[in-house]
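Dear colleague,

I am handing over the structure we spoke about, and you will find it directly below. My notes on what was found in it follow after that.

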Amino acid sequence: MTIRASKLWLGYGVAMAWFFVLLWPLLGIKAEGLEFAESISIWLKVAVAAAILLGLHQLKQGGLFRFLEKPTQAASAAADALAARVPRWLALCAVAACALAFPMLTERYAHDVAISVLVYIILGLGLNVVVGLAGLLDLGYIAFFGVGAYTYALLSVHFELSFWLCLPIAACFSAIAGCIIGYPTLRMRGDYLAIVTLGFGEIVRIVINNWMSLTNGPNGVLGIKSPGAYWFKDGSFEHIWLNSLEQLYYIILGLAMLTIVAVYRLNYSRIGRAFEAVREDQTAAELMGVNTLRLKLLAYAMGAVFGGIAGTFFAARMKFVSPESFTFIESAMVLAMVVLGGMGSIPGVILGSLALIALPEVFRGFEMYRMFVFGGVMAVMMIFRPKGLWPAKRMGARSEERD
Amino acid sequence: MEFLLQQLVNGITLGGVYALVALGYTMVYGIIQLINFAHGEIYAAGGYMGVILISWLFAQGYPPAICLGAALLLAMGYCALLAMAVEKVAYKPLRHSSRLSVLLSALGMSIFLQNGLMLTQGVYDRAYPGEMVQGGFEVAGAVVSYMQVIIVSVTIVLLLALNLLVFKTRIGKAMRATAQDKTMSALVGINSSRIISLTFAIGAALACAAGIMVGLYYGSVRYDMGFVPGIKAFSAAVLGGIGNITGAMIGGLLIGMIEVFAAGYISSEYKDVFAFIILIAVLYFMPTGIMGENVDDTRV
Amino acid sequence: MTEQTPILELKNVTSAYGRIKAIKGISLKVYPGEVVSIIGANGAGKSTTLMSISGVIKPTSGEVWYAGDRIDGLAPDLLPSRGLCQVPEGRRIFPRLTVEENLDMGAFFRKDTDAINHDKNRVFQMFPILLERRKQHGGTLSGGEQQMLAMGRALMGRPKLLLLDEPSLGLAPLIVQQIFRIIREINEVDGVTVVLVEQNANLALKSSSRGYVLETGNVVMEDDAQALLVNPAIRAAYLGE
């Protein structure tokens with residue numbers, strides 16, 4: 001064994017001993033006495049898994065998998081060539097067709113999951129404007145989702161305003177909330193911004209939770225109307241409620257597509273470039289005449305608008321809202337999607353939403369472990385793939401990463 | 001008047017706890033410029049270790065004082081090891097990455113640890129074994145429970161010990177030197193990795209003590225108990241001037257007082273909001289805090 | 001003298017910041033008891049050379065040998081205890097440590113309390129102003145005082161080899177003289193080998209036995225200090241004539 005290898009295994013031994021010391025007290029010390037069985041069984045599983053990974057890593061270092069490299073490289077090159085030959089519009093059309101045909105091919109449960117995924121795609125894209133494009137870490141993003149949801153919920157219940165009218169109203173309200181939150185925070189250092197937005201997110205939730213007369217507090221708002229529509233039937237237009245899952249699916253699909261187009265356009269617009277300039281080097285951007293404060297505020301407001309739209313739909317779909325849906329963990333989820341997918345990348349965010357919402361539905365038995373795994377994956381991703389699963393193309397190296 | 005005095009007693013108790021947690025934030029920020037989101041979870045883990053160890057020791061028939069003391073020390077050691085592991089796994093490999101990456105990694109660790117606690121300890125509250133410390137006494141109409149006396153005295157002892165460590169010992173000087181200039185401290189022979197590890201361990205031990213005492217005070221712990229106090233303690237650290245150890249102590253005390261008085265005189269439903277509002281106001285109007293920052297921010 | 005083994009030897013060392021090569025294959029030798037100057041214009045790679053010796057910058061290729069051991073690739077914090085101390089560019093005083101604490105940090109790796117106190121008194125004798133400012137924060141000192149403190153801090157490590165980066169930068173002539181007197185003293189009395197990086201070539205060469213001239217990351221000339229001082233090319237380029 002080389003010195004490096006033995007060092008590696010020594011490190012492994014220390015890490016595993018350390019892990020046992022951390023694990024056992026949590027599981028093994030009981031008032032009735034000390035137990036070892038459960039913690040040892042978990043520990044063994046982890047230790048074996050880690051040993052296998054480490055062994056594979058060593059074999060790879062040793063060149064054992066070199067015979068695999070050539071075929072895999074050839075395969076990925078072939079796949080790339082094939083992808084390059086298929087025109088982009090064709091690929092997009094295929095995806096759109098799949099999305100449109102989805103409800104006809106699947107059943108209720110799948111519709112339900114798909115609707116969640118689409119809601120989170122809108123949220124992810126909205127947050128992506130703030131985090132990915134403008135580089136502002138927002139940990140209270142779900143507050144805008146809440147503002148949108150409550151705006152529609154209250155307008156619908158008290159004034160019976162229609163969903164379609166409330167959509168722009170809720171978007172406006174969220175944008176205003178975004179500006180209110182953004183204004184005092186945007187002069188702050190990047191990492192302070194994170195904790196302050198987190199605080200604001202909590203404030204919004206606490207206010208919703210305690211303002212009984214307006215929001216009915218923790219009991220939530222009931223009786224929210226579905227989106228309505230006029231349908232041509234028997235020679236006249238007739239008002240119907242779009243409350244089947246299929247109909248809702250098409251509504252959110254439309255909203256998501258609008259969002260994708262809007263964010264795509266934004267990405268390549270003058271403002272999008274200005275966002276990037278601010279993200280990469282604020283001082284230089286200012287010297288070039290970019291009003292950074294106003295631009296950041298705009299990013300906040302735009303992100304908030306998408307949050308508000310998603311929130312409005314969420315309220316209409318659930319027909320019920322309560323503060324529980326707007327906790328910090330939801331903000332963290334949306335952020336995890338953006339980070340996992342690739343900051344600033346539209347397909348990345350879509351991929352991230354699929355991975356974080358649809359995948360756990362497949363492994364339903366492991367519901368409990370979902371956030372646990374997310375947290376771990378988030379930390380590990382930062383080490384091994386900090387740019388995400390599908391990194392944005394135009395995004396250059398951040399100025400602080402270069403040095 | 002009695003009400004005021006009572007609020008003062010409660011405010012000092014709570015403020016001491018925030019001060020202990022705030023120190024971990026401020027020390028870590030001072031040395032590697034990271035908001036350690038996982039710190040609140042270390043505090044929660046401390047609370048759980050307290051329950052676990054005290055329940056076990058209590059069942060073995062040891063007297064309460066010994067249970068408490070032994071559990072405190074053992075749990076502090078446990079949390080120190082936990083925080084060092086977090087640092088080694090999630091932060092050290094990212095020492096040369098962008099700040100956003102480290103921050104997200106910290107957030108990931110926070111979620112990971114919180115859910116790890118939930119998976120191993122359950123979703124519901126876990127109670128401390130009944131009536132460890134009971135009773136109290138009255139001073140000018142205000143009731144001071146013995147638990148409060150314990151909290152305040154343990155806090156004072158720990159704060160004094162920390163002050164001695166940081167300002168009087170060789171290792172404390174090395175910690176401050178590393179926070180001020182990592183390259184230069186390497187050039188005089190200080191191993192900065194080891195010092196950073198130690199900083200995490202000390203911060204975690206203090207947070208752990210706070211977690212145990214809060215658990216004892218309220219009688220139970222919960223897996224997500226670290227989240228809100230974490231933000232408040234961070235607010236305290238910012239209020240005192242991030243990186244400033246004395247500032248964190250004063251900031252913690254102030255935040256505790258403000259919370260208790262706001263709950264008592266304004267509205268108890270909105271008590272959590274006040275800490276956040278202070279955080280925002282401080283960052284907006286005096287971003288370096290009341291005692292001044294001690295951060296050499298070479299990366300901004 | 002050339003029969004001795006060098007205390008420090010660089011063999012073809014290359015270092016880079018990112019993709020930009022700051023030094024390109026530098027070789028030099030320093031023998032025990034010498035004062036060696038490295039002179040050159042701004043950006044010639046003088047500081048990078050020192051940082052590559054002390055391990056703050058890892059050389060991308062080449063070897064660094066010190067006292068019989070190969071030290072490139074070692075962490076910088078392992079070197080002071082071997083007798084290699086550095087006063088880096090910009091002095092880098094710990095700004096919120098007191099003067100005395102700064103000196104204590106210089107002796108961080110040492111455990112011999114009595115000897116440390118003795119050395120501290122010696123530094124205070126060398127630079128009496130530091131004794132006066134003992135309780136003051138390092139950041140509040142003037143430039144000259146900071147330079148004295150930085151040198152005092154390095155001496156607290158009882159170096160065998162001392163790397164000095166621009167000790168005269170930005171200081172009044174009188175203070176510069178004092179600093180250079182101390183450099184000669186520690187070299188002659190304590191036998192500390194000194195590597196001196198300076199822009200003030202005249203001053204540096206006058207206190208040195210030998211000198212290296214750096215230009216855009218390469219050693220372009222190497223000679224006795226006296227010879228360099230009278231070399232017309234050097235006089236034209238670095239001595240302002």
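In what order do the 6 strands of the open sheet in chain C lie? Please keep in mind that this is a predicted model. The order is E6-E7-E8-E3-E9-E10, with mixed pairing, and the edges are formed by strand E6 (84–87) and strand E10 (218–224) of chain C, each of which pairs on one side only. On average, neighbouring strands of this sheet are turned by 15° against each other, direction ignored.

Within the sheet, strand E3 (residues 35–40) and strand E8 (residues 193–198) of chain C run parallel and are joined by 5 bridges; C:Val36, for instance, has C:Val195 in E8(C) as its bridge partner. Helix H1 (residues 46–54) of chain C lies across E3, E6, E7, E8 and E9 of that chain, running at about 150° to E7(C), while helix H5 (residues 143–155) of chain C packs on the sheet and touches E6 and E7, its direction making about 170° with that of E6(C).

Turning to the aromatic side chains, the structure holds 22 aromatic pairs over all chains. In one of them, the ring centres of B:Tyr91 and B:Phe200 are 5.7 Å apart and the planes stand at 40°, so the pair counts as tilted. Because B:Tyr91 belongs to helix H3 and B:Phe200 to helix H8 of chain B, this pair ties together parts that are 109 residues apart in sequence, and both residues are buried. In chain A, A:Phe145, A:Tyr150, A:Phe314 and A:Phe326 form one aromatic cluster.

Finally, B:Arg170 lies over the face of C:Phe108, at 4.3 Å from the ring centre, and the charged end of C:Arg153 sits over the ring of C:Phe94, 5.1 Å from its centre.

Conventions
Residues numbered from 1 in each chain as written. Chains lettered and ligands numbered in written order. Predicted model: local features only at pLDDT ≥ 70, side-chain atom pairs only at ≥ 80, totals over all residues. Heavy atoms only, no water. Phe/Tyr/Trp six-rings, centres within 6.5 Å; stacked < 30°, edge-to-face > 60°. Helix = DSSP H or I, 4+ residues; strand = E, 2+ residues; numbered from the N terminus. Buried < 20%, exposed > 50% of the residue type's maximum accessible area, 1.4 Å probe, protein only. Lys NZ or Arg CZ within 6 Å of the ring centre and 35° of its normal. Pairing = 2+ DSSP bridges. Axes fitted to C-alpha atoms, helices over the stretch in contact; angles between N-to-C directions. Contact = heavy atoms within 4.5 Å.
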